[in-house]
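The sequence and the structure are shown below.

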Amino acid sequence: MKHFPRKFAKRSAASLAALEPARAGCPCFVAAVCALVASSNFAAELINNPSAAERFAKPSSTLVEREDLFYRRTPLTVPDGIVLEASGILPLEGRRLLVTTRRGEIWWVDGAYDENPQPRFTLFASGLHEPLGIIAAPAPKRGCYVAQRQEVTHLEDTDGDGRADRFETVAKLPVSGSYHEYAFGPVLAPNGNLRVTLNVAFGGATQAPAPWRGWMLEITPDGQVTPIAAGLRSPCGLLVTSKGDWFTTENQGEWVGSGRLTHITPGDFTGHPAGLAWSRLPGSTVKLRPDDIKDFEEPMHEVAKRIPAVKPPAVWLPHTVLGISNSGVIEDLTGGKFGPFGGQLFVADQGQSKIARIVLEQVRGVWQGTAIAFREGFDCGIIRIAHGEDGSLFAGETERGWGSVGPKKFGLERLRWTGRVPFEIKEVHAQPDGFELTFTAPVDRATAEKPESYNVGGFTYLYHKAYGSAPVNRLGCPIRKVVVSPDGLRVRLAALCLREGYVHEIKAAGVRAAGGSEALVHSTAYYTMNRIPDGNRIIPLDVKETELCVAPVPTAALAHTKKHPTKVPGDWSGDEGDKTIVLGTQPGLKFDTALIVVKPGARLRLVFRNTDDMLHNFVLCAPGRGQAVGEAAVALGLDGNAKNFVPDSADVIYHTALTLPNSTDTIFFTAPSAADDYDFICSFPGHALSMKGILRVAP
């Protein structure tokens, strides 16, 4: 290992090339170049007009206000001059925090636990290369471990002045220079070693140009590296539970149909094939090779039946419903200080600035479980979460390069349980013929015993090379029996059409709390059924009824429609019309122009070029109705993908398809005849607040 003694947090040699802040770790650099090239070929009159953003209102706060009754959110004020793009949080004794930032700094934060916090920030270290995690070094070592892009580093304040003066390279992490090569962690293993997960690169001939990209690695204190598992794409969160089981979160993308949580053991392959390029290297625990993985275009659990080395997730996190960029994960070990969900996992989301809950169980030796919404309304996208000594949950936030729901660019927030118990689905457990729901408070028997108070349906995602997947093989699960326990805390639902490998959406919107009309705060749970358990059924198997489970409900086709006009109108001469508009994207959830000016009734050819690394669309809306359309798109939930996240609304005039990264969709339409400012947005959930503009129709 190399040692870098230093005072005043001077840059280590490993970090000198890392930190031009406008570029470090930011997707902006590559995508902005692509957007600039595309914009140089514009055939239309394109005028930037940022003031158009003022026309879009904030989303409804009804749910957020109710959540706040039970879990109160307190933003911590960051002093001017500090760009706290929080990427790691380490709570320490004495009610202190150490917070890493994507800008390469580590800050002491004092006063974060105060009732009316006025936190004080003191610099501990700087000059690091986009650290994305921090943990305390175990005794007898002192200080902390940090995962930078290119190395795992041990930092220590040897003279007690509050500033790191010893920087020790524990292990090098291979990088090629791609902005997408993040390193997450470290996490302390029960054996005293460290584990990290390495993001794949984005674009290019390969997504693993450097060794072990897309892998989980284990690192000994003396710097020896052991590959543990491959198949990762963007595993921002990693966790070892109190029982010693390892899990990672994952982001939707190529080969990843939706966000998910996967159990990791040595030798696992979790789905993304880029890292298999290095499975032949000495020390590899994975036997698969790149040629073993094809563009299957079928559910992942079906592929796993033929290729047992492919490991499906323990829990799917439905895209746009429970997040779009799942990030940090923690286990509630607060002993009740954080409310009634002890032992459960909390998973943050960067894109939608929210937190979900996960309840795990093992069935026939395989991990599976439930994902349920928990808390939203945070100021910015959440990368890291951590519990403090009083049970508070601290959330570290950043949106640079990725964009997120919320009004701020970065931040640090505290979430406290108020002591009031919310009426929630506490747990869901699989049964041989359905599910058992446990509630945080007794249910009203009259509503809970009615089958119509519930709705159950199943779906899954395709395992393929394309970016993400719409929910496929949708099928209702008719409820045949409901049994409420004597204490009112549990409900057994017996249903048909349960399927292994599928997510089962369980809605309990009709259930009320005992003694009143209180509805559930969050009434929907998503249970991933990898294995149907053995045991006693409360309904018999009926061969005739199982015929209901043969034909899944088809999803809507993506084709030419009146509002998605991909064909040249018959009365046009040629396909150019009166004007061609080439509209592109920019990093940070933006179109590359905010104002387009056209004449009333003009025949328009609009080419939408998505040069970003996320899914986007273009939706032309009635004047002043862009935000309303965006909110309606969020409400589509699981049906959104099949509809391009475009709601059935009179406020929608025309739209493109939901367009993959580095893809194009072209539509042909006639501009409105009435002169006005018409909103256009990207209606993908969470994007409309910032990805918007005006089509100005003027003589």
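The points that follow are grouped by topic. The structure is a predicted model. A search of the whole structure finds 32 salt bridges, 25 aromatic pairs and 4 cavities of 30 Å³ or more.

- Strand E8 (residues 134-136) pairs with E9 in the antiparallel sense, over 3 bridges.
- Within that pairing, Ala136 has Cys144 of E9 as its bridge partner.
- Strand E10 (residues 151-156) runs antiparallel to E9 and is joined to E9 by 4 bridges.
- Val152 in E10 stands opposite Ala147.
- E9 and E10 form a hairpin, with 3 residues between the two strands.

**Second largest pocket**

- The volume of the second largest pocket is about 860 Å³.
- Its lining comprises 31 residues, and those nearest the centre of the pocket are Ile135, Leu239, Ile330, Ile385 and Ala386.
- At least two lining residues come from each of the strands E4 (86-92), E8, E12 (183-188), E16 (238-240), E21 (326-331) and E25 (382-387).
- By class, the lining of this pocket holds 19 nonpolar, 10 polar and 2 charged residues.

**Largest cavity**

- The largest cavity has a volume of about 420 Å³.
- The lining of the largest cavity consists of 29 residues, of which Ser234, Asn251, Ser325, Gln350 and Trp402 lie nearest its centre.
- By class, 14 of these lining residues are nonpolar, 13 are polar and 2 are charged.

**Salt bridges**

- In general, side chains of opposite charge can pair when their charged atoms come close.
- Arg375 and Glu67 form a salt bridge in which the closest N and O atoms are 3.4 Å apart.
- Because Arg375 lies in strand E24 (residues 366-375) and Glu67 in helix H2 (residues 62-68), this pair ties together parts that are 308 residues apart in sequence.
- Arg375 has a relative accessible area of 2% and is therefore buried, and Glu67, at 3% relative accessibility, also counts as buried.
- Arg195 forms a salt bridge with Glu218, and the closest N and O atoms of this pair are 2.6 Å apart.
- Arg195 belongs to strand E13 (residues 194-198) and Glu218 to strand E14 (residues 215-219), so the pair ties together parts that are 23 residues apart in sequence.
- Arg195 is buried, with a relative accessible area of 7%, and Glu218 is buried, with a relative accessible area of 11%.
- Asp578 forms a salt bridge with Arg603, for which the closest N and O atoms are 3.1 Å apart.
- Asp578 is in the loop between helix H5 (543-546) and strand E37 (579-583), while Arg603 is in strand E41 (residues 603-610), so parts that are 25 residues apart in sequence are tied together by the pair.
- Arg603 is partly exposed, its relative accessible area being 27%.

**Aromatic pairs**

- Among the 25 aromatic pairs found in the whole structure is that of Tyr113 and Phe394, an edge-to-face pair with a centre-to-centre distance of 5.2 Å and 75° between the planes.
- This pair links distant parts of the chain, 281 residues apart: Tyr113 is in the loop between strand E6 (106-110) and strand E7 (120-125), and Phe394 is in strand E26 (residues 393-398).
- Tyr113 and Phe394 are both buried.
- Tyr71, Phe338, Phe341, Phe346 and Phe374 are linked into a cluster by ring pairs.

Technical notes: Residues numbered from 1 in each chain as written. Predicted model: local features only at pLDDT ≥ 70, side-chain atom pairs only at ≥ 80, totals over all residues. Heavy atoms only, no water. Pairing = 2+ DSSP bridges. 1 Å grid on protein atoms, 1.4 Å probe; cavity = no way out; pocket = protein on both sides within 12 Å on 5 of 7 lines; lining within 4 Å. Points joined across faces, edges and corners; volume = space filled by probe spheres on them. Nonpolar A, V, L, I, M, F, W, Y, C, P; charged D, E, K, R; others polar. Salt bridge = Lys/Arg side-chain N within 4 Å of Asp/Glu carboxyl O. Buried < 20%, exposed > 50% of the residue type's maximum accessible area, 1.4 Å probe, protein only. Phe/Tyr/Trp six-rings, centres within 6.5 Å; stacked < 30°, edge-to-face > 60°.
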